[in-house]
Amino acid sequence: MSVKTALVLSAGGMFGAYQAGAWKELSQYFQPDMVVGTSVGALNGWTIAGGIAPDELLRWWSNESVAAFLRPQIPLLPWRGFFDHHSFRKNVQELFERFKPGIPFGVVLAEALRLRPRLVQSEQVTWRHLAAACAIPAGLPPVRIDGTWYVDGGVLTALPLWAAATMGAMQVIAVNALPVLPSTLLRAGANAIRWISPKAPSRDGLDVITIAPPDSLGSVSESVRWNRDNIRRWMERGAEDARRVIPQLSSRDWRAPVLQ
């Protein structure tokens with residue numbers, strides 16, 4: 001039986017540029033059998049599973065149009081969130097239409113009322129699932145799908161390794177752009193939610209290599225605002241951190257390199 005390898009991408013808002021930089025380096029050495037993502041990792045993962053060229057993903061992040069995903073709501077309507085959900089959903093739909101996964105893809109959402117994670121795979125994924133996976137509480141309104149309200153999957157876990165195990169992976173390269181929430185208040189809130197929520201399925205048995213910065217990539221405001229200099233810096237940091245782990249791929253007898 002062949003060993004399945006997954007690429008798992010975390011939550012992180014605009015820090016998702018870090019994942020694009022890391023993928024540019026990783027793509028020269030391996031191709032995953034499947035891709036799993038939540039929040040911004042779901043958007044990056046959708047394009048990667050859909051065969052986007054690594055340089056194109058870097059260009060996409062470098063384009064100011066990405067700012068439209070989290071455009072401030074004017075006038076501010078607190079009950080609808082701080083960001084313009086019409087602009088956000090329009091851009092998610094366009095991204096969804098541009099790419100179709102050529103390999104298994106999984107997106108992780110969070111049920112808003114039960115605080116329970118949900119994995120949606122491949123053909124079942126719609127643009128609404130991608131939008132729901134990024135529905136930051138207080139930032140964007142929940143998304144209703146088949147009678148259930150969903151929010152950002154990163155609320156329950158920023159890096160859904162369990163989903164890769166559920167999809168049959170035994171090896172994982174994880175790119176975690178959000179190893180630490182960039183606010184003491186946010187960390188306290190997230191810990192409280194995760195403490196009362198049902199535990200995610202087990203990830204036992206996974207061989208995991210993680211690429212992540214040692215601390216937060218920036219502030220809360222930086223994580224939700226597109227800034228060219230920050231995007232460039234985060235992409236470079238992701239590439240640099242990925243280069244550090246590439247020797248582990250061969251030393252741990254992972255899949256042979258696949259050059260693109």
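Biologist: How many helices and strands does the chain have?

Modeller: Keep in mind that this is a predicted model. The chain has nine helices and ten strands.

Biologist: What makes a residue count as buried, and how much of the chain is buried?

Modeller: Buried means under 20% relative accessible area. Of the 260 residues in the chain, 53% are buried.

Biologist: Why is the space in here called a cavity?

Modeller: A 1.4 Å probe fits there but cannot get out, so the space is a cavity. The structure holds one cavity of 30 Å³ or more, and the largest cavity contains about 150 Å³ of space.

Biologist: Which residues lie nearest the centre of the largest cavity?

Modeller: Those are Gly-13, Val-40, Leu-43, Phe-69 and Leu-70, out of 13 lining residues. Helices α2 (40–49) and α3 (54–62) each supply at least two residues of that lining.

Biologist: What makes the lining nonpolar or polar, class by class?

Modeller: Sort the lining by class and you get eleven nonpolar residues, two polar and no charged.

Biologist: What makes a set of residues a nonpolar core, and which residues have the most contacts inside the largest one?

Modeller: The members must be buried, of a nonpolar type such as Leu or Val, and joined through side-chain atoms within 4.5 Å. The largest such core has 64 residues, and Leu-7, Leu-26, Trp-61, Val-107, Leu-130 and Ile-211 have the most contacts inside it. Helix α9 (residues 228–251) gives the most to this core, with seven residues. Another core, of 17 residues, lies apart from it and includes Val-8 and Leu-119.

Biologist: Which residues is Leu-130 in contact with, beyond its neighbours within four places in sequence?

Modeller: Its partners include Ala-42, Leu-43 and Trp-46, along with Phe-96 and Val-107. Ala-42, Leu-43 and Trp-46 are also on the list of buried residues in α2.

Note on methods. Residues numbered from 1 in each chain as written. Predicted model: local features only at pLDDT ≥ 70, side-chain atom pairs only at ≥ 80, totals over all residues. Heavy atoms only, no water. 1 Å grid on protein atoms, 1.4 Å probe; cavity = no way out; pocket = protein on both sides within 12 Å on 5 of 7 lines; lining within 4 Å. Points joined across faces, edges and corners; volume = space filled by probe spheres on them. Helix = DSSP H or I, 4+ residues; strand = E, 2+ residues; numbered from the N terminus. Nonpolar A, V, L, I, M, F, W, Y, C, P; charged D, E, K, R; others polar. Buried < 20%, exposed > 50% of the residue type's maximum accessible area, 1.4 Å probe, protein only. Contact = heavy atoms within 4.5 Å.
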